[in-house]
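I set out to look through this model from the whole chain down to single residues, and I keep my notes here in the order in which I looked things up.

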Amino acid sequence: MTRSTDLKPDCTNCAALCCVVFAFDKSESFALDKAAGEPCPNLDGCDRCRVFSRRDALGFKGCIAYDCHGAGQVITQEVFRGRTWRDDAALGARMGAALSVLRRIHEQLSLLETAARLPLDTDELAGLSALKARLTPEETWTEANLQSFRVDETDRRVRGFLMGLRRHVDGGINARN
């Protein structure tokens, strides 16, 4: 049996990981350059965005579009048990590495949740169940099991499975035309 996973971001239980871990270049999506591992200058001392309600107007469309799929709070609260990069600067890179893997896992789970709404046959349901079990192991995520998780391999399997469901989507499109 697999555990359930909340795929909704909860910034109040995260250490603003997306605002620290990722680099961004000044562009249409970001109003400034920021190096990976460097806190965004818009972060306050409590890991909250000072410009959150004005992100669009101030040129931070990339922040609006980003979705960690709930990985940020899991990394902060479960994997690192509430410790953050603010408590120990050395945790920044470790938290970033863990977030990079878990976000991809949660993104794959989100895609599978969408696929579960299709009228899947028995074999497709079994494939969906097997992939979800792989992405939601019984044990909680740790740095070690995230480091050893074969995220690229699993991503290929999920994408292959989803490609096999095209008949559900293509059939719906052709039926409407």
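**Overall chain**

I began with burial, and of the 177 residues of the chain, 36% count as buried, where buried means under 20% relative accessible area, exposed over 50%, and partly exposed in between, with a 1.4 Å probe and protein chains only. This is a predicted model, in which local features need pLDDT of at least 70, side-chain atom pairs count only at pLDDT 80 or more, and totals for chains, interfaces and linings use all residues. Residues are numbered from 1 along each chain as its sequence is written, and side-chain values use heavy atoms, with hydrogens and water left out.

I then looked up the secondary structure and found 8 helices and 0 strands, taken as DSSP runs numbered from the N terminus (H or I of at least four residues for helices, E of at least two for strands). The C-alpha trace spans about 50 × 40 × 25 Å along its principal axes. Among contacts (heavy atoms within 4.5 Å) between residues at least 6 apart in sequence, 66% join residues at least 24 apart.

**Confidence**

The pLDDT, the predictor's confidence in each residue from 0 to 100, averages 92 over the chain, and 94% of the residues score at least 70. Where pLDDT is low, the predicted coordinates should not be read in detail.

**Largest pocket**

I looked next at the largest pocket, which holds about 650 Å³ of space. A pocket here is an open set of points on a 1 Å grid over the protein atoms alone, where a 1.4 Å probe fits, with protein on both sides within 12 Å along at least five of seven lines; lining residues have an atom within 4 Å of a point. The volume is the space filled by probe spheres set on the points, which are joined across faces, edges and corners. Of the 32 lining residues, C11, C18, C19, C63 and Y66 are the closest to the centre of the pocket. Helices α1 (18–21), α2 (61–65) and α3 (71–79) each supply at least two residues of the lining, with the largest share, 3 residues, coming from α2.

**Helix α3**

Which residues of α3 are buried? I list A71, G72, Q73, V74, I75, T76 and V79; with 7 of its 9 residues buried, α3 is largely enclosed by the rest of the structure. What covers these buried residues includes α4 (91–115) and α6 (143–148). Just after α3, R81 takes a positive phi of about 50°.

**Aromatic pairs**

I counted 3 aromatic pairs, where rings of Phe, Tyr and Trp (its six-membered ring) pair if their centres lie within 6.5 Å, and planes under 30 degrees apart count as stacked, over 60 as edge-to-face and the rest as tilted. The F22 and Y66 rings have centres 5.6 Å apart and planes at 55°, so this pair is tilted. F22 lies in the loop between α1 and α2 and Y66 in the loop between α2 and α3, 44 residues apart. Both are partly exposed, F22 with a relative accessible area of 25% and Y66 with 27%. The rings of F24 and F30, with centres 4.1 Å apart and planes at 15°, are stacked; F24 is buried at 7% relative accessibility, and F30 is buried at 17%.
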